[in-house]
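Open the model in your viewer and keep the selection panel at hand. The stops below take you through it one pick at a time.

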Amino acid sequence: MLHIKCPHCGMRSQNEFSYGGDATVKRPELNKEVTDQEWDNFVYNRVSPRGKHLELWQHLSGCRQWIKVERDTATHEIFKTYKANEEIA
Amino acid sequence: MTQSYRIETGGLINRNKKISFKFNGTSYFGYEGDTLASALLANGVHLVGRSFKYHRPRGFFGAGVDEPYAVVQLYRNGETEPNIKATEQELFEGLEASSVNCWPSVNFDIGAINNFLKIFLPAGFYYKTFMWPKSFWYKIYEPFIRKAAGLGVASTKHDKERYEHKYEYCDLLIAGSGPSGLASAYSAAKNGAKVILAEDKPRYGGSLLTSDVNIGNQSGKDWADGIISELKEMPNVTVKNRSQVFGYYDHNMLVMSEKVSDHLPKTKKYHPNKRLWYIRAKEVLISSGSIERPIVFGNNDTPGVMLSSAAKEYLKVYGVLVGKKPLVFTNNDSGYETAIEFKKHGVEPIVLDSRSNPQSEIIDEAKNLGINIKNSYVVVAAQGYKKVKSADVATISEDKKTLGKIENINCDCICVSGFWTPTIHLASQSGNKTKFNEEIDAFVPGVSKQNETTLGAANGVFTLEETLKTSFEKGKELSKKITEKDNEISIPNVVEKKYSKHDKFWCVPLAKGKSYKRFLDFQNDVAVSDVEIALREGYRSIEHVKRYTTLGMATDQGKTSNLNGLQLVSEIENKVVPSVGHTTFRPPYTPISIGAIVGREVGKHSKPTRKSPIHNWHEEHNAVFVDAGVWLRPRYYKRGNETLFEASKREAKNVRRNVGVCDVTTLGKIDVKGPDAAEFLNRVYTNAWLKLPVGKARYGVMLREDGIVMDDGTTTRISENHYHMTTTTAQAANVLSHLEYYLQLVWPELNVNVVSTTEQWAGAAIAGPKSRDLLQKLFPKTDVSNEGLPFMGYVEGDLFGVKARIFRISFSGELAYEVNVESDNGRFMWEKIIEIGEEFQIQPYGTEALSTLRIEMGHVAGSELDGRTIPYDNALEGLLSKKKDFIGKRSLQRSAFVAEDRQRIVGVVPLDKKTSIPEGSHLVKDANAPLPNKKLGHISASCWSVENDNPFSLAILKDGKNMIGEKLFVMSPLKNKVIPVEIVSSHYVDPKGERVRS
């Protein structure tokens, strides 16, 4: 079970969190023309990298904040966690 | 009654307390402190089971967790548990156990015929043989194999025992209480670190219990006892026996199974049977010791052949002789320790040493005691079927390839020692890259991945002096990092005997013209010849050889067999062992009860049960409940002998005729507040929200980004910047997360807050033509007329002194209202409604009637919004705004979503107007078409229409729009039903929606 540092609450066990997918995906702006390809990329197409990955988690059974977690998908090492609006270093 | 194999005095058992027990129906006795294995051996019982494949007689091989044979079925306090190691099971009064894997009895087992047919059962036999004919698999092969396989039977009864989970944090977790565990725990504890010391056996001390050493002028055991009692007194230390650390997971999370009650005849009141500890440790010290490995020879599975260390443990800990004419077969000095113990107790051992001229202190001691030692000698094969009777022995050449003349030596047990294998399982599980140590012919931990350190024998260090020194220092160093304290510890003097070099010899060659089975894996019956076959057939990777031969795949996970298997593969392949590599170690280290893994989450505790504040009233009025997500909701209120069908029809009819009341507390409720709340709702819902006035409700549909309907519900504008959103019961939690996602990550610029208020409000839906009259009496001061409170209107009212929210919304399709009060007042509200409603013939209705009412109105719910449908499919496309963007809108342009013949909701009526249609049935054009019959759609919800008094269903049907009036068939292979039906509009009752507005 992973040990994740919630930037709001501190170190917590994985079972307090729920996974939210790739954090680098950006939603196209509202009311903007988007091509089928752009929309597909946003909704469906994901890379599945081996190694460093920036992902979303929600501290569901805690502060309920969505956070960003930089994690190695192969080793589970967590390098850094960020608040939702924090600049990614 | 005497125990012929128990020595007069000695051992760590309590001879003042006799314990009686039964094995295979025969009564025996042992002493407090015995294991089932030691007590049986004391009684001269060696035959405990039959082997897995050939059903050969099997005895005891080890004295602990490494035991491959003595797996028994245990009976305790009316319960039974399989897969119990007799070497680990402590004796308690009234214990009963029986052999497994034998029929009709362990003494006469019909399956043993496999042994004589063994030429037909080589590696891969099952893979090769049971392939054809294919039709034989389910009916003949599989049941046969299942019956023949298996180690015991799981109980089919409900387990009355309780199992607990516990979460713990510590600075240092130390697995194993041998010399390295004790020393490191002691120095870490002295530095003030929070320490957990875990020992899988009942007694602390590990190898110190059986070795002849001296620490600080005391015996090893006394020193261990002293350290343990000091540790137990320290507030920062938790010392746990009968506790196996069995798994090392990510981020230094370890799991330990504590056997709380297995050693007692009955679990104490309020105690669990086992307790599973989830431990997050800053540092982990693995002091799991080592396991002696066997030397492979002919018939080395005969009862009476066992590890030399086990024989010593039975003698020193339990005062039990495993034989009276022991033969010790060794390639190192450990065997001599066992021989010396025998000799000290008046038994004459013979030592066969594969080495030609070994010299050491301990060998000199053995010689001085007059022990018969034969150098360059090996055991070629054990003789005897159910028990060792003698051994064929021979000299062996220096290159270990040629045997001399075979001689036969009379003996009743063969104690075998092939040197030591470090127990590296936990280190390997943690991700440690293990390496092969040529010195000891075994793998040891290499580079750590997590904060883990392996000490002592587990690290390949076999001298006590070095073990203690490194362990004291490591405990000190690691704790100092955490507590910043640095207490001086004086390392005690150690007196121990020095070992000479072991012989790199692990397998006795076959004698000329003989075909003895030489077993590598004792539990899975894998012999040298099986591995040879696998390699001949082209298997090269050790992982493949393992799976093909099942070497190391038994419940003992190859603790005594893996290395010898690797040696064999490397020898045949002419490779060095490290390049062959070892198979992966995976948790659990040893079998763990399923009950312990599940913990308290069984039966009704497997999920929380949520009850509405009106629950007790429902109970008092004969409600029959149904699970709705985690909630319990009244399904119907039973009157007399009514069935579900009769009761729900009565309740639904009463809503259509008079008035009914339904507990809708469970609906999800979310407060949406803030100056940008309207804009936010406008983006979340598919329809327009900017112009909703205060005091008005609106029905909304929300999508996922992929265009699939996520949820629906009404949202009411309570005040300028305050909206009250409702969701379906099942989706409440997901919708809240969804809203939080967009507010926190996508549109952080919106000034909106969302919070769940589901539990803050109790809700009652009042529905039926007489609902307005009832409402007026409940709220005499409020204008609830069609003008004062129109459809989709909202007012606040005073319910006999209780503040209430009144919404004019309807799920039943009737004139209806929903009243919310604070949860604490829920029952008060409900009772007032029932009391005043009496004059209007009010009846409470449950979820079954609720479903009937919504189905015949064609209102969609969870069974249509099933995560596969878009708004069009549910006839909700009228709610899609063309003017604004919203979540998921762009996806609705996808070609499949705009296809002409897109699936769509329809109504379904059986032609005979009598036959009920099972939910989940398929709709097909031709009931007699060859299989697979093309499915056109499926029945999503079924009811008995109370309005038309015939069955009615909703279905999602391909090209549903153009199918109205068509005749199709409903097929339910599950219920074996074929029903001719007609497709009608989904709005079966009041298609214009006049009643809700009346």
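**Stop one: a proline loop in chain B**

Select B:Pro588, which sits in the loop between α15 (577-580) and α16 (594-598) of chain B. Helices here are DSSP runs of H or I with at least four residues, strands are runs of E with at least two, and both are numbered from the N terminus. Now show the backbone from B:Pro587 to B:Pro588: that peptide bond is cis, with omega near 0°.

Before going on, note that this is a predicted model, where local features need pLDDT of at least 70, side-chain atom pairs count only at pLDDT 80 or more, and totals for chains, interfaces and linings use all residues. Residues are numbered from 1 along each chain as its sequence is written, while chains are lettered from A and ligands numbered from 1 in the order in which they are written.

**Stop two: another cis bond**

Go to B:Pro932, in the loop between β46 (922-924) and β47 (937-945) of chain B. A cis peptide bond links B:Leu931 to B:Pro932, with omega about -5°. Most peptide bonds are trans, and most residues other than glycine have a negative phi.

**Stop three: positive phi**

Pick B:Asn83 in strand β6 (residues 79-85) of chain B. Its phi is positive, near 60°, and the residue is not a glycine. Is B:Asn83 buried, exposed or partly exposed? B:Asn83 is partly exposed, because 17 other C-beta atoms lie within 10 Å. The cut-offs: 20 or more other C-beta atoms within 10 Å means buried, 12 or fewer means exposed, and in between is partly exposed, with C-beta atoms placed from the backbone.

Next, jump to B:Met792, in the loop between α21 (771-778) and β41 (794-799) of chain B. This non-glycine residue also has a positive phi, about 70°. B:Met792 is partly exposed, with 19 other C-beta atoms within 10 Å.

**Stop four: chain A**

Chain A has 1 helix and 6 strands. From the N terminus, the order is β-β-β-α-β-β-β. The C-alpha trace spans about 40 × 30 × 25 Å along its principal axes. Of the 89 residues of chain A, 13% count as buried.

**Stop five: the contact**
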